[in-house]
Amino acid sequence: MAFLFGRKKSANSAKERLQLVLIHDRTDLTPAELDSLKDDLIETISRHIEIDPTAVTINVTLDGRSQRLVADIPLRSVGRRRGREPGRAAG
Amino acid sequence: MTAKVVTVASGKGGVGKTTSVANIAVALASRGQKVTCIDGDIGLRNLDVILGLENRIVYDLVDVIEGRCRLRQAMIRDKRLPELYLIPAAQTRDKTAVSPSDMVRLCDELRQEVDWIIIDSPAGIERGFKNAIAAADRVVVMTNPEVSAVRDADRVIGLLDAEEKGPAALVINRLDPVMVKRGDMLSVEDVLDLLAVELIGIVPEDENVIVASNRGQPLALDGKSKAGQAFQNIARRLMGEQVPFMDLDSQNLFQRLLGRK
């Protein structure tokens, strides 16, 4: 019986799955297109400021009947940047 | 007299549009309103059998539009209520026999005669749906607490916004409070979170709906069943009344006393 108790309620699965499906239905944006948008965004922002490309996340979230594109782009701090530059002593 | 035109749509088939149109129309008529309902599902008419008026059809919607009869001749009067009429769909034609502007013209003529025009949209989002919403002042979107019905309702709500027919009013049909409590059915709150529209009705799952359709006597004719009451409440809300949503848990009191969860 334990496996039954461990299972998530099916209504929760329905809601979570619908949240994702509705985002794609409403925006007409496929996961592949979202990835390509993310790559373009990283490239553009990197021209101006140093970021950590592996830590960038981009998502479409529901906000009532409208959708919101939310990007989280961590910046590399100046101190760390210096430290990473070759030929210079760290610190 | 200037009628309000209300279209009931859903995207997905089988969620209860026709049953709702019949019951909302009956409920409005039982409140002294003059109501005409129009079956917009050309080729697959059903509102006539749900209302129990299938043996009285002489002319249909397409006959009116193509000028073979006058509007009045196609309006079948339901004798159980003072002022309830049905304009049936044509059964041997398809949706291309009617255009959105035909529907606007027909409803403009009808608006002078009644208080309410309730249009039953066919499933889908193509021509039949476009015809059904063309003249609408308000669109009621029906859904069930199931993934496919909610997804299709969202598409319809989006299309209504795009056609400037929004904001839609939502009816959640066939809600089973026991399943919701168990966590095996989307709750009203879940559906509203997802669709983010105004709620105008919650209709509980009720086997009386099938019994009523077997007999051709819509539930709202006698307001005893839960579903019948829910449709009466929707009619009152359409009329502008503030009506609290029913406490659906109370119907499980008996089950609770028996110790069921």
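**Entry 1: Ala196(B)**

I began at Ala196(B), which counts as partly exposed because 17 C-beta neighbours lie inside 10 Å. I note the scale: a residue is buried with 20 or more other C-beta atoms within 10 Å of its own, exposed with 12 or fewer, and partly exposed in between, the C-beta atoms being placed from the backbone. Ala196(B) has a positive phi of about 50 degrees although it is not a glycine. I found Ala196(B) in the loop between α9 and β8 of chain B. Helices (H or I, at least four residues) and strands (E, at least two) are DSSP runs, numbered from the N terminus.

**Entry 2: Basis of the entries**

I record that this is a predicted model, in which local features need pLDDT of at least 70 and side-chain atom pairs count only at pLDDT 80 or more, while totals for chains, interfaces and linings use all residues. Residues are numbered from 1 along each chain as its sequence is written, and chains are lettered from A and ligands numbered from 1 in the order in which they are written.

**Entry 3: The loop between α7 and β7 of chain B**

I then looked up Glu164(B), which lies in the loop between α7 and β7 of chain B. Its phi is positive, about 55 degrees, although Glu164(B) is not a glycine. Glu164(B) is exposed, with 6 other C-beta atoms within 10 Å. Pro167(B) has its place in the loop between α7 and β7 of chain B. A cis peptide bond joins Gly166(B) to Pro167(B), with omega at about -5 degrees.

**Entry 4: The sheet of chain B**

I traced an open sheet of eight strands with mixed pairing, in the order β3-β4-β2-β5-β1-β6-β7-β8 (chain B). Two strands pair if DSSP finds at least two bridges between them. The edge strands, each pairing on one side only, are β3 (76-77) and β8 (198-204) of chain B. Strands β6 (residues 138-143) and β7 (residues 169-175) of chain B run parallel and are joined by four bridges. Within β7(B), Ile172(B) is the bridge partner of Thr143(B).

Helix α7 (residues 147-162) of chain B packs on the sheet and touches β1 (4-9) and β6 of chain B; its direction makes about 165 degrees with that of β6(B). Helix α9 (residues 188-195) of chain B also packs on the sheet, touching β6, β7 and β8 of chain B, and its direction makes about 145 degrees with that of β7(B). Here axes are lines fitted to C-alpha atoms, for helices over the stretch in contact, and angles run from 0 to 180 degrees between N-to-C directions. A contact requires that the C-beta atoms of two residues, placed from the backbone, lie within 7 Å.

**Entry 5: Helix α1 of chain B**

I find that α1(B) is mostly covered, with 14 of its 14 residues buried. Gly32(B), with a positive phi near 85 degrees, follows α1(B).

**Entry 6: The two chains**

I counted 12 helices and eight strands in chain B. Of its 261 residues, 49% count as buried. The C-alpha atoms of chain B fill a box of roughly 60 × 40 × 35 Å, taken along the principal axes.

Chain A has four helices and two strands, and from the N terminus on its elements run α-α-α-β-β-α. Buried residues make up 3% of the 91 residues in chain A.

Where the chains meet, 14 residues of chain A are in contact with 14 residues of chain B.
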